[in-house]
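Subject: Structure for you, with notes

Hello,

Here is the structure I promised to send over. Please open it next to this message; my notes follow below.

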Amino acid sequence: MADNGVPESCFENLPKLVEDLDDYLEAYQAYAEFSGLKVNIYKDWARIIFEDHVVSHFTSKFPSDEIIRVLAVGSGDGKVDSCMLEQLVARYPRIHYTVVEPAKEPLEEFKALINDNRPKFDGVEFEWRNETFDDFQKLEEEKERSRGVDKERFHLIHAVHSLYYVNDLQQAQSYLRDRLVKHGALLVILLSEEAGIYRVWDRYPKLCEGSPATNLCSAHLREIYARSDTPYKFHHQSWPSDISQCFDPASIKGGRMLDFITHVRNFRQSAPEELKKSVVAFLRGLNQSDREDKMSTGGYQRDWDSMVMIK
Ligand SMILES: C[S@@+](CC[C@H](N)C(=O)[O-])C[C@H]1O[C@@H](n2cnc3c(N)ncnc32)[C@H](O)[C@@H]1O
């Protein structure tokens, strides 16, 4: 029995959400959308923090007629990307934007979002790469070897909540850093240490076992940067919320949120009773707010951190 009191057998043969990335993204949208609040939070972050940490740095280093090359890792439906793009196109009319995203449906949603926003993004040339980050690395290396071409380098590389799915964080960040032009920026967003999902996976590590997901938070990247004395700009985004829907068995959205939090497909049906009870009780605890009334909700944290490293 692990520290969480749930017998290990309860974690055997649980269907992993990431085995079907389109279904995964559907669960993520149920979890993250939160009546458009997510997009507003990222819009504000892009307007203030991204503008300050990335765009104003670019304007001091790269002329406005330069073609800005961007590599986006794990963009999903592109809603967060579009918040950053809005800031970039205001300064740089010509942008080449490569998207590495292994799930098909969200990539189509991203394309539709761009089409719906013409002519705002007319100066952006997109390259859609429907593959994993590991495949992208392999294909790029093959291309360089077979055609003898130079490494493609980017002004901006970003990975927003996607590095949980790479094999090795240390290797991924040094690969991405190497792909930057001089003065280029690597922007990574990861969950904060106090975020609900991180806390759940920390308490039930077997939920991630055997899946491509790793329980990472921003502290892991900060440790890597600290070891190599790498300076970076940091922003903590607080985002307390109420996940009471997860506790209502009739709520479809709540069910999908539980799927995403646990990364188990159809958690309500597929998890053994003991595991379900334990996870739900733990989540209820996380959902209690700090207010004096212990029954009050809204304390579940979706906090994340953005880290910008300049080469
Ligand atoms: C939590 S979602 C974040 C999506 C988007 N960046 C956002 O913040 O809304 C994680 C994204 O990483 C993608 N992903 C999963 N495995 C990946 C891999 N091996 N390489 C690149 N992206 C991956 C998923 O398909 C998904 O779009």
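A word on terms first: buried means under 20% relative accessible area, exposed means over 50%, and partly exposed lies in between (1.4 Å probe, protein chains only). Helices (H or I, at least four residues) and strands (E, at least two) are DSSP runs, numbered from the N terminus.

This is a predicted model, so local features need pLDDT of at least 70 and side-chain atom pairs count only at pLDDT 80 or more, while totals for chains, interfaces and linings use all residues. Residues are numbered from 1 along each chain as its sequence is written, and side-chain values use heavy atoms, with hydrogens and water left out.

Salt bridges

Side chains of opposite charge can pair when their charged atoms come close. A salt bridge here is a side-chain nitrogen of Lys or Arg within 4 Å of a carboxyl oxygen of Asp or Glu. How many salt bridges does the structure hold? The count is 24.

Take lysine 206 and glutamate 8. Their closest N and O atoms are 4.0 Å apart. Lysine 206 sits in the loop between helix 7 and helix 8 (218–227), and glutamate 8 in the segment before helix 1, so this bridge ties together parts 198 residues apart in sequence. Lysine 206 is partly exposed at 24% relative accessibility. Glutamate 8 is partly exposed too, because its relative accessible area is 42%.

Next, arginine 265 and aspartate 20. Their salt bridge has its closest N and O atoms 3.5 Å apart. This pair also links distant parts of the chain, 245 residues apart. Arginine 265 is in the loop between helix 9 (252–262) and helix 10 (267–270), whereas aspartate 20 is in the segment before helix 1. Arginine 265 has a relative accessible area of 32%, which means partly exposed. Aspartate 20 has 27% and is likewise partly exposed.

Then there is arginine 91 with glutamate 51. Their side chains meet in a salt bridge of 2.3 Å, N to O. Arginine 91 lies in the loop between helix 3 (79–89) and strand 2 (95–100), and glutamate 51 in helix 2 (residues 37–61), so the pair ties together parts 40 residues apart in sequence. Glutamate 51 is buried, at 14%.

One network deserves a look. Salt bridges with shared partners join Glu127, Arg129, Glu131, Glu140, Lys143, Glu144 and Arg179.

Polar contacts

A polar contact is a pair of N or O atoms within 3.5 Å; within protein, one must be able to donate a hydrogen and the other to accept it, and residues adjacent in sequence count only if both atoms are side-chain atoms.

Glutamate 26 is in helix 1 (residues 21–32). Its side chain makes a polar contact of 3.4 Å with the side chain of arginine 256. Glutamate 26 is partly exposed, at 45% relative accessibility. Glutamate 26 and phenylalanine 260 are 234 residues apart in sequence, yet 9.1 Å apart in space, C-alpha to C-alpha.

Threonine 230 is in the loop between helix 8 and strand 6 (233–237). With a relative accessible area of 7%, threonine 230 is buried. A polar contact of 3.2 Å joins its side chain to that of arginine 177.

Backbone points

Where is the cis peptide bond? It runs from arginine 118 to proline 119, with omega near 5°. Proline 119 is in the loop between helix 4 (104–116) and strand 3 (124–129).

Two residues other than glycine have positive phi. Asparagine 13 has phi near 60°. It is in the segment before helix 1 and is exposed, with a relative accessible area of 77%. Histidine 183 has phi of about 75°. Histidine 183 belongs to strand 5 and counts as partly exposed at 26% relative accessibility.

Please check these spots in your viewer.

Best wishes
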